[in-house]
Amino acid sequence: MKKTIITHPGKAHFDEFLALSLILASYPETEFDVFRKEPEEAELDDPEIWVVDVGGRHEPEMKNFDHHQDLTILASFCIVGDYLGLSETMKIKPWWDFKEKMDRLGPIRVSRLMGVEDLEPAYSPLESWIVKWFEDDPNSVTPIMRKFGIEIINEAKELKASFDFWASCERKVIKGKEVIIGLTDDSTGMDAYWKTIDGQKAAACISWDSRGNGWKLYRFGDFPGVNFSKIEKHPSVKFAHKGGFVAKTYEKLPVDQILALVELSF
């Protein structure tokens with residue numbers, strides 16, 4: 001038996017598109033009919049019917065997920081994400097908070113919060129196209145929405161796992177600068193994790209080279225006083241970028257020897 005999702009008529013937005021994508025992804029074996037209309041009272045009172053971004057009620061236990069009646073309630077994809085137990089994972093993606101503010105506060109207020117004059121250049125034509133498709137014929141696009149939902153949930157889970165890995169890595173302090181030691185050749189999430197560090201940030205990271213048999217020495221951001229081009233002539237160094245942000249060794253030398261190379265770069 002198909003389940004029903006109701007969302008508002010008229011112009012569609014990324015908010016309800018994403019909310020529905022999360023629902024579809026969370027129930028991969030369930031068929032849904034999507035209706036873009038104003039809900040009736042009986043539909044709002046039926047806990048088997050999902051009512052999203054319309055209806056004037058925020059009642060998760062009844063599957064009613066509107067936020068327009070109260071500016072303090074987060075966008076519909078967030079309150080749906082809370083209900084599905086996904087928000088804590090999804091919040092690791094920077095776009096989650098940005099999209100929430102865009103829907104609830106609008107682009108003018110968000111641009112002011114971000115200190116930019118105009119967010120128009122950041123708009124995605126692909127997003128506009130697929131949301132318009134959803135607006136015109138919602139049930140024809142639900143298979144793609146489900147795949148999209150599954151993909152972004154998996155991406156967030158993988159990023160969360162990478163954050164946990166980098167947070168667990170050993171650290172060494174060299175000349176007052178912290179170096180992360182990552183015993184992996186997968187640098188996924190490394191830079192994103194670094195941006196979340198509160199207070200004094202690490203200056204550099206050493207990890208295994210994904211393209212070779214040695215180490216990769218990497219500078220975070222444009223951290224002052226870190227220049228790996230200083231070691232380009234060292235016999236252990238296979239490559240050092242002239243910009244100073246990365247270097248690689250021929251072999252996986254002992255950690256103490258790699259840290260000695262790092263020290264020469266500080």
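## Second largest pocket

In this predicted model, the second largest pocket has a volume of about 180 Å³. A pocket here is an open set of points on a 1 Å grid over the protein atoms alone, where a 1.4 Å probe fits, with protein on both sides within 12 Å along at least five of seven lines. Grid points are joined across faces, edges and corners, and the volume is the space filled by probe spheres set on them.

Lining residues (an atom within 4 Å of a point) include Phe 14, Phe 17, Lys 99, Trp 129 and Phe 148. Two or more of the lining residues come from each of α1, α7 and α8 (138–168), and α7 gives the most, with four. Helices are DSSP runs of H or I with at least four residues, numbered from the N terminus. By class, seven lining residues are nonpolar, one is polar and two are charged; Ala, Val, Leu, Ile, Met, Phe, Trp, Tyr, Cys and Pro count as nonpolar, Asp, Glu, Lys and Arg as charged, and the others as polar.

## Largest pocket

The largest pocket has a volume of about 580 Å³. Among its 19 lining residues, Phe 14, Lys 99, Met 102, Tyr 123 and Glu 127 are the closest to its centre. The lining divides into nine nonpolar, three polar and seven charged residues.

At least two lining residues come from each of α1 (14–26), α5 (94–105) and α7 (125–136). The most are given by α7, with five.

## Basis of the values

Residues are numbered from 1 along each chain as its sequence is written, and side-chain values use heavy atoms, with hydrogens and water left out. Local features need pLDDT of at least 70 and side-chain atom pairs count only at pLDDT 80 or more, whereas totals for chains, interfaces and linings use all residues.
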